[in-house]
Amino acid sequence: MPTPSKDFRENPKRAIYVLGGIDQQQVYRITPEILRLRAECNDPITVYIDSYGGETLCAEDIRSLLYAPDQDAKVCRVITVVTVAAASAAADLLALGDYAIAYRNSWIHYHGTRQTPQVALTTEKAESLAKSLKQSNEQFALRLARKAFRRCIFHYGNVASEFEELKKHLAASDFTGGDTSDLACFAVALARRLTPGGNLQDVPLAAFKRQQAIAQLNDFVFSKAKFKAEDPMAAKQAEVLKLVLDYELDRKQKQKDWLLSSGGLLEVEDDFNLFNDYYFGEYRNHLAMLIPELGDLFLSDAELQEWRALANANEDQRNNWLKERVEHRIHPLWYFVVCLFRLLQQGEFSLTARDAYWLGIVDEVIGASDLPTQRLIFESQPGPPPPAPAATTNP
Amino acid sequence: MNTSQLEFQDVVSLTPEQRVAEIIRRARARYGKNLRPFYEELLKQQPKPPEDRYADLVVIAQQKRNRD
């Protein structure tokens with residue numbers, strides 16, 4: 001029988017309640033409760049959520065307070081729980097918990113950042129507002145993706161048994177453009193588990209297609225590129241732009257009416273931005289952090305043996321060894337998860353608790369006894385051994 | 001100790017997430033890339049709650065909320 005762990009369990013005795021709209025009044029109301037709980041001890045704090053969201057800055061204030069270190073540099077673990085609904089900023093707060101739980105019949109709603117302009121809009125102000133919203137969406141997407149990545153790796157191991165069967169279907173269908181890679185199988189396995197009928201099942205497939213598009217573009221660019229790593233960035237970008245143009249010309253050979261002047265230039269610009277994002281986007285910084293943390297989970301069985309033999313090598317050597325072997329495997333999955341959350345920030349998506357589980361927004365759906373959880377893994381292990389009795393010395 | 005208990009007594013000082021990752025690492029060494037048998041073994045230990053026979057009403061309420 002599993003041994004309950006407070007690190008993975010809700011606890012109403014050490015909890016705050018985010019009920020209703022998230023605004024300044026809500027922050028004022030729960031600030032004393034957070035401060036009291038932090039001062040009491042360093043045990044986890046449960047955050048119960050039933051909210052349609054509100055101001056993103058206020059949600060951020062609540063999150064910052066929860067994760068503020070005390071004077072001994074200790075930070076409480078945060079368990080987030082959606083009881084009825086978590087929408088918009090409240091959905092972000094839920095996903096960002098150290099362990100996120102959804103009640104069986106709860107629902108989660110995602111959409112992009114919204115802002116009501118306080119002043120009359122001009123062309124310049126509209127452009128600046130659009131840029132700022134795009135930037136906010138990107139920052140939120142990256143933060144959520146980083147949290148969800150660990151959850152997605154967990155799902156990957158769970159659905160991997162279906163890959164062989166899926167490969168046969170994908171090879172014979174146009175579902176993923178004939179792609180039968182593990183990532184294609186993972187995207188389809190996720191889509192199959194999401195609520196059908198709406199736009200949700202399209203999200204993993206659309207994220208995969210973005211990953212596929214960049215893979216094809218990369219193959220073309222890198223098979224022809226002559227630039228060296230040490231060349232100035234401007235020179236490298238100019239060469240990439242020329243190659244992207246060749247790539248589009250190559251693909252559009254049969255389309256007689258394809259012209260740069262009638263939409264083609266925009267496609268070239270999109271491809272260039274895609275390439276630039278994949279190699280130099282902000283999300284790459286996160287990738288560098290993920291490799292030492294989770295990279296060894298991507299090693300083959302033979303590599304895992306070699307990795308174990310390096311246990312006594314210095315940290316830099318180990319990290320470089322790991323980066324060389326797994327970066328090309330972890331990067332596509334990381335980009336896929338980033339694309340998932342970029343897409344969730346762009347539309348309107350209503351998710352059931354189970355949808356949220358499969359998309360990596362929550363770790364556990366209470367009452368869904370067919371969904372494995374990190375809690376179950378943790379609690380099923382034997383506890384630490386009792387301390388050894390103190391050695392007795394002869395008088 | 002059953003087969004899903006992966007003898008990780010030496011990693012108790014890690015954070016909860018690091019401990020879970022370490023258990024998954026060891027499970028991978030035992031089960032390979034496909035961890036489904038490991039998860040299924042764990043799920044057997046999970047108590048089953050009674051079914052919610054009125055869950056269809058929740059779906060109706062949710063659809064109404066979305067329309068509103």
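**View 1. Chain B of the predicted model, by burial and helix content.** Of the 68 residues that make up chain B, 18% count as buried in this predicted model. The secondary structure of chain B comes to three helices and zero strands, and the pattern read along its sequence is α-α-α.

**View 2. Confidence along chain B.** The average pLDDT of chain B is 76, and 76% of its residues score at least 70. Within chain B, confidence is highest in helix 2 (residues 36-43), at a mean of 90, and lowest in helix 3 (residues 55-67), at a mean of 74. Where pLDDT is low, the predicted coordinates should not be read in detail. For the complex, the predictor gives an ipTM of 0.76 and a pTM of 0.85.

**View 3. Ala73(A) in a loop of chain A.** Ala73(A) lies in the loop that runs between helix 2 (56-66) and strand 3 (78-87) of chain A, and its phi is near 65 degrees, a positive value in a residue other than glycine. Most residues other than glycine have a negative phi. Because 6 other C-beta atoms lie within 10 Å, under a cut-off of 12 or fewer, Ala73(A) is classed as exposed.

Methods
Residues are numbered from 1 along each chain as its sequence is written. Chains are lettered from A and ligands numbered from 1 in the order in which they are written. This is a predicted model: local features need pLDDT of at least 70, side-chain atom pairs count only at pLDDT 80 or more; totals for chains, interfaces and linings use all residues. pLDDT is the predictor's confidence in each residue, from 0 to 100. Helices (H or I, at least four residues) and strands (E, at least two) are DSSP runs, numbered from the N terminus. A residue is buried if 20 or more other C-beta atoms lie within 10 Å of its own, exposed if 12 or fewer, and partly exposed in between; C-beta atoms are placed from the backbone.
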